[in-house]
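Here is my note on the model you sent. Please read it with the structure open beside you.

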Amino acid sequence: MMLHLAKQLLSRLIKHGAILLAGVLFMVMSVTVQAETSMSKVLAKQPDTTCKTGLIDAAERYIEFREHRLVAVGELDNEIVQVTGYQAYMDRDVQLMFAAVPVKLAAADASEPSDACQITVEQVFIVDTPCIAAREEVNRFKKWQFMGRLSPNTFVLKHPEKNIEQAYLTGVLSGGACQILTQEITQFLTPNTPSSAASDDSQL
């Protein structure tokens, strides 16, 4: 609706000779279109539910304006929705996985539970350095807390402020490189209002 109104205004501005203002509006429209990820297209046939809104919101936070491609996993009419794909950074491609599960959240005032959606986002990528060095190389992880080891080859980091986000670093190629899996789990309640505050940690 907003894009349609903007197009009408742009047409009127051009008709009346307001070329400069029309140009500015065209730039704003372009940004608006680019900000939409392909998650909306992947879920186009899905009914408008909290989970659909939550997945679109998560994709926009993580992908932003980067080149990417998303595809649905399995049937979209299932209660659990999974979407996978990739996003491109300047120095690497990152695999993505989004999953959504409807849940009920208990209300603090003992009223009826609220309809919500548990959104899980995972990113997987490899850096050309051992995992110990990767923690310092990837700016995102410099202040993350060391939680321990899952195995001799894998250790776990946790976001210093958000308990909802962790990273698993595993040595590959005889320890010469590091595979990194990040996982964030949020409870999405209403459009643009996840119960856990979003951050810019999607930057690698």
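This is a predicted model: local features need pLDDT of at least 70, side-chain atom pairs count only at pLDDT 80 or more; totals for chains, interfaces and linings use all residues.

1. **Disulfide count and pattern.** There are two disulfides in the structure. Counting bonded cysteines along the chain, the pattern is 1-2, 3-4. A disulfide is a covalent bond between two cysteine sulfur atoms.

2. **Cys51 and Cys117.** The sulfur atoms of Cys51 and Cys117 sit 1.9 Å apart, and the two residues form a disulfide. This pair links distant parts of the chain. Cys51 belongs to helix H4 (residues 50-63), while Cys117 belongs to strand E4 (residues 114-127). The link of Cys51 and Cys117 is right-handed, with 100° about the S-S bond. Cys51 and Cys117 are both buried.

3. **Cys131 and Cys178.** Here the sulfur atoms are 2.1 Å apart, and Cys131 and Cys178 form a disulfide. Cys131 is in helix H5 (residues 131-137) and Cys178 is in strand E8 (residues 177-190), so the bond ties together parts 47 residues apart in sequence. The link of Cys131 and Cys178 is right-handed, with 100° about the S-S bond. What is the relative accessible area of Cys131? The value is 8%, so Cys131 is buried. Cys178 has 0% relative accessibility and therefore counts as buried.

4. **Helix H4.** H4 has 14 residues. From first C-alpha to last, H4 reaches 20 Å, close to the 20 Å expected at 1.5 Å a residue. How many of the 14 residues of H4 are buried? Eleven are, and H4 is mostly covered. The buried residues of H4 include Leu55, Ile56, Tyr62 and Ile63. Glu64 follows H4 and has a positive phi, near 55°.

5. **Glu161.** Glu161 lies in a loop between strand E6 (154-158) and strand E7 (165-172). Is Glu161 buried or exposed? Its relative accessible area is 71%, so Glu161 is exposed. The C-alpha atoms of Glu161 and Lys143 are separated by 9.9 Å. Along the chain, Glu161 and Lys143 are 18 residues apart.

6. **Glu165.** Now take Glu165, which is found in strand E7. Glu165 has 0% relative accessibility, so Glu165 counts as buried. Which side chain does Glu165 contact? A polar contact of 2.5 Å joins the side chain of Glu165 to that of Arg140.

7. **Aromatic pairs.** The count comes to two aromatic pairs. In one, the ring centres of Phe141 and Trp144 are 5.0 Å apart, and the planes meet at 90°, so the pair is edge-to-face. Phe141 and Trp144 are buried. In the other, Phe146 and Phe155 have ring centres 5.8 Å apart and planes at 50°, so this pair is tilted. Phe146 has a relative accessible area of 45%, so Phe146 is partly exposed. Phe155 has a relative accessible area of 3%, so Phe155 is buried.

Definitions and conventions: Residues are numbered from 1 along each chain as its sequence is written. Side-chain values use heavy atoms; hydrogens and water are left out. A disulfide is a pair of cysteine sulfur atoms within 2.5 Å. Helices (H or I, at least four residues) and strands (E, at least two) are DSSP runs, numbered from the N terminus. Buried means under 20% relative accessible area, exposed over 50%, partly exposed in between (1.4 Å probe, protein chains only). A polar contact is a pair of N or O atoms within 3.5 Å; within protein, one must be able to donate a hydrogen and the other to accept it, and residues adjacent in sequence count only if both atoms are side-chain atoms. The expected span of a helix is 1.5 Å times one less than its number of residues. Rings of Phe, Tyr and Trp (its six-membered ring) pair if their centres lie within 6.5 Å; planes under 30 degrees apart count as stacked, over 60 as edge-to-face and the rest as tilted.
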